[in-house]
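Student: Please take me through the reading of a few local features, giving the general idea before the case at hand.

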Amino acid sequence: MDIISPHKASCHCGAVQLELLLPESGLEDLRRCACSMCSRRGAIVASVPLADLKVVQGQDVLSLYQFHTKTAKHYFCSQCGIYTHHQRRS
């Protein structure tokens with residue numbers, strides 16, 4: 001899998017900035033997450049290895065939300081409320 005330069009992502013207000021290392025072909029293995037958070041939002045998700053996701057700005061404004069088993073970590077911008085990313089249970 002060839003990795004290209006980082007892709008940039010942010011929350012709505014720009015306080016949280018992320019960099020993702022993606023394969024040359026872009027997002028792969030898109031799917032619908034069945035958890036209650038994603039299914040209520042109609043989210044389509046793609047996975048990247050944790051090492052390929054970097055919060056480059058705004059770590060201090062991220063809010064963590066956990067529920068049920070408190071294993072998965074859901075992150076939101078505390079300023080604009082945008083769901084930026086999550087670390088799933090598996």
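Student: Is C77 buried or exposed?

Tutor: Buried means under 20% relative accessible area, exposed means over 50%, and partly exposed lies in between (1.4 Å probe, protein chains only). C77, at 2% relative accessibility, counts as buried. This is a predicted model, in which local features need pLDDT of at least 70 and side-chain atom pairs count only at pLDDT 80 or more, while totals for chains, interfaces and linings use all residues. Residues are numbered from 1 along each chain as its sequence is written, and side-chain values use heavy atoms, with hydrogens and water left out.

Student: How many disulfides does the structure hold?

Tutor: A disulfide is a covalent bond between the sulfur atoms of two cysteines, and the criterion here is a pair of cysteine sulfurs within 2.5 Å. The structure holds zero disulfides. For C77 the closest cysteine sulfur is in C11, and the separation of 3.7 Å is too far for a bond. C13 also has its closest cysteine sulfur in C11, at 3.7 Å, which is again too far for a bond; C13 itself is partly exposed, with a relative accessible area of 41%.

Student: Which residues make up the largest nonpolar core?

Tutor: Such a core is a set of buried Ala, Val, Leu, Ile, Met, Phe, Trp, Tyr and Cys residues joined through side-chain atoms within 4.5 Å. The largest one has eight residues, namely C11, A15, V16, L18, V61, L62, Y75 and C77. Taking contact as heavy atoms within 4.5 Å, and leaving aside neighbours within four places in sequence, L62 touches V16, V55, Y75, F76, C77, T84 and H85.

Student: Which side chains meet in a salt bridge?

Tutor: The rule asks for a side-chain nitrogen of Lys or Arg within 4 Å of a carboxyl oxygen of Asp or Glu, and by this rule the count comes to one salt bridge. K8 and E19 form that pair, with an N to O distance of 3.1 Å. The two belong to distant parts of the chain, eleven residues apart, K8 in strand 1 (residues 7–10) and E19 in strand 2 (residues 17–20), where strands are DSSP runs of E, at least two residues, numbered from the N terminus. K8 is exposed, at 63% relative accessible area.

Student: Where does H68 lie?

Tutor: H68 is in the loop between strand 6 (62–65) and strand 7, and has a positive phi of about 50° although it is not a glycine. K70, found in the loop between strand 6 and strand 7, likewise has a positive phi, of about 60°, without being a glycine. H68 counts as exposed at 70% relative accessibility, and K70 is exposed with a relative accessible area of 52%.

Definitions and conventions: Helices (H or I, at least four residues) and strands (E, at least two) are DSSP runs, numbered from the N terminus.
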